[in-house]
Amino acid sequence: MASGDDSPIFEDDESPPYSLEKMTDLVAVWDVALSDGVHKIEFEHGTTSGKRVVYVDGKEEVRREWMFKLVGKETFCVGAAKTKATINIDAVSGFAYEYTLEINGKSLKKYMENRSKTTNTWVLHLDGEDFRVVLEKDTMDVWCNGKKMETAGEFVDDGTETHFSIANHDCYIKAVSSGKRKEGIIHTLIVDNREISEILE
């Protein structure tokens with residue numbers, strides 16, 4: 001028989017990350033794909049207490065207690081590039097509220113549509129690990145699992161190649177003209193001389 005008090009003792013760092021109080025005021029959750037990864041944004045709005053809390057990837061970014069004005073906006077940054085995000089709080093009717101997320105001043109939907117035109121994304125599996133590779137077409141920056149990669153550009157007969165390596169694997173993104181004005185340049189990821197299929201986010 002064990003002696004003493006058998007009740008578990010929680011140190012501060014062992015307590016659960018989400019309290020029950022937090023979950024009751026959670027009103028909106030968004031997943032936002034940026035170059036450095038997919039970020040989860042959660043918003044708490046206490047309509048009786050006036051509390052507003054914004055979490056990015058489970059980490060508290062904004063906390064306001066006792067806000068007498070229940071409508072308005074909260075602005076904060078997301079991801080490695082400190083992308084500007086704003087949650088708009090609008091009254092719909094009575095005590096009903098609508099929450100919309102803007103990224104860089106555009107609605108989330110418009111931002112993601114624009115992003116699909118300015119970036120290419122590939123997901124690959126190497127040596128038992130998943131990698132998410134993103135090319136920002138305007139800057140030719142390459143990101144892998146949230147880190148900007150060291151790259152070397154090279155001109156080739158039919159276009160350009162941007163070389164980098166992932167976990168000792170040789171990779172490059174080949175940029176070739178499609179020959180059609182509307183399609184523009186076609187970007188292809190090659191890893192160990194094998195073409196990787198692009199995903200649409």
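Let us start with a cysteine: C77 is partly exposed, with a relative accessible area of 39%. Here "buried" stands for under 20% relative accessible area, "exposed" for over 50%, and "partly exposed" for what lies in between, using a 1.4 Å probe and protein chains only. C144, in contrast, is buried at 7%. C144 takes part in no disulfide, and the nearest cysteine sulfur, that of C171, is 7.7 Å away. The structure as a whole holds zero disulfides, a disulfide being a pair of cysteine sulfur atoms within 2.5 Å.

A word on what you are looking at: this is a predicted model, in which local features need pLDDT of at least 70 and side-chain atom pairs count only at pLDDT 80 or more, while totals for chains, interfaces and linings use all residues. Residues are numbered from 1 along each chain as its sequence is written, and side-chain values use heavy atoms, with hydrogens and water left out.

**A helix with two faces**

Helices (H or I, at least four residues) and strands (E, at least two) are DSSP runs, numbered from the N terminus. Helix α2 covers residues 108-118, and its buried residues are L108, Y111, M112 and R115. Seen down the axis of α2, these buried residues fall within an arc of 95°, so they line one face of the helix. That arc is taken from the directions from the helix axis to the C-beta atoms. An α-helix has 3.6 residues a turn, so residues three or four places apart point the same way. The face of α2 turned away from the buried side carries the exposed residues K109, K110 and K117. What do the buried residues of α2 pack against? Their partners are β1 (26-34), β6 (83-93), β7 (96-103), β8 (106-107), β9 (119-126) and β10 (129-136), where contact means heavy atoms within 4.5 Å.

**Strands side by side**

Two strands count as paired if DSSP finds at least two bridges between them. Strands of a sheet pair through backbone hydrogen bonds, either parallel or antiparallel. In this model, an open sheet of four strands has the order β5-β6-β7-β8, with antiparallel pairing. β5 (72-78) and β8 stand at its edges with a single partner strand each, so one side of each is left without a neighbour in the sheet. Inside this sheet, eight bridges join β6 to β7, and N88 has T100 in β7 as its bridge partner.

T86 is also in strand β6. T86 is buried, with a relative accessible area of 6%. The side chains of T86 and T75 are joined by a polar contact of 3.2 Å. Such a contact is a pair of N or O atoms within 3.5 Å; within protein, one must be able to donate a hydrogen and the other to accept it, and residues adjacent in sequence count only if both atoms are side-chain atoms. Leaving aside residues up to four places away in sequence, T86 touches K73, E74, T75, T100, L101 and E102.

Further along, β14 (residues 159-166) and β15 (residues 169-177) pair in the antiparallel sense over eight bridges. T160 has A175 in β15 as its bridge partner. The hairpin of β14 and β15 has two residues between the strands, and A167 there takes a positive phi near 45°. β15 also pairs with β16 (residues 185-191), antiparallel over seven bridges, and C171 finds its bridge partner V191 in β16.

Two loop residues have a positive phi too. M140, in the loop between β10 and β11 (141-144), has a phi near 65°. N145, in the loop between β11 and β12 (147-148), has a phi near 45°.

**Charged pairs**

Side chains of opposite charge can pair when their charged atoms come close. A salt bridge here is a side-chain nitrogen of Lys or Arg within 4 Å of a carboxyl oxygen of Asp or Glu. A search of the whole structure finds eleven salt bridges, including these:

| Pair | N to O distance |
|---|---|
| D25 and K51 | 3.2 Å |
| E60 and R63 | 3.1 Å |
| K174 and E161 | 3.6 Å |

D25 and K51 link distant parts of the chain, 26 residues apart. K51 is buried, at 3% relative accessible area. D25, E44 and K51 are linked in a network of salt bridges. Are K174 and E161 buried or exposed? Both are buried. E60 is partly exposed at 36%, and R63 is partly exposed at 39%.
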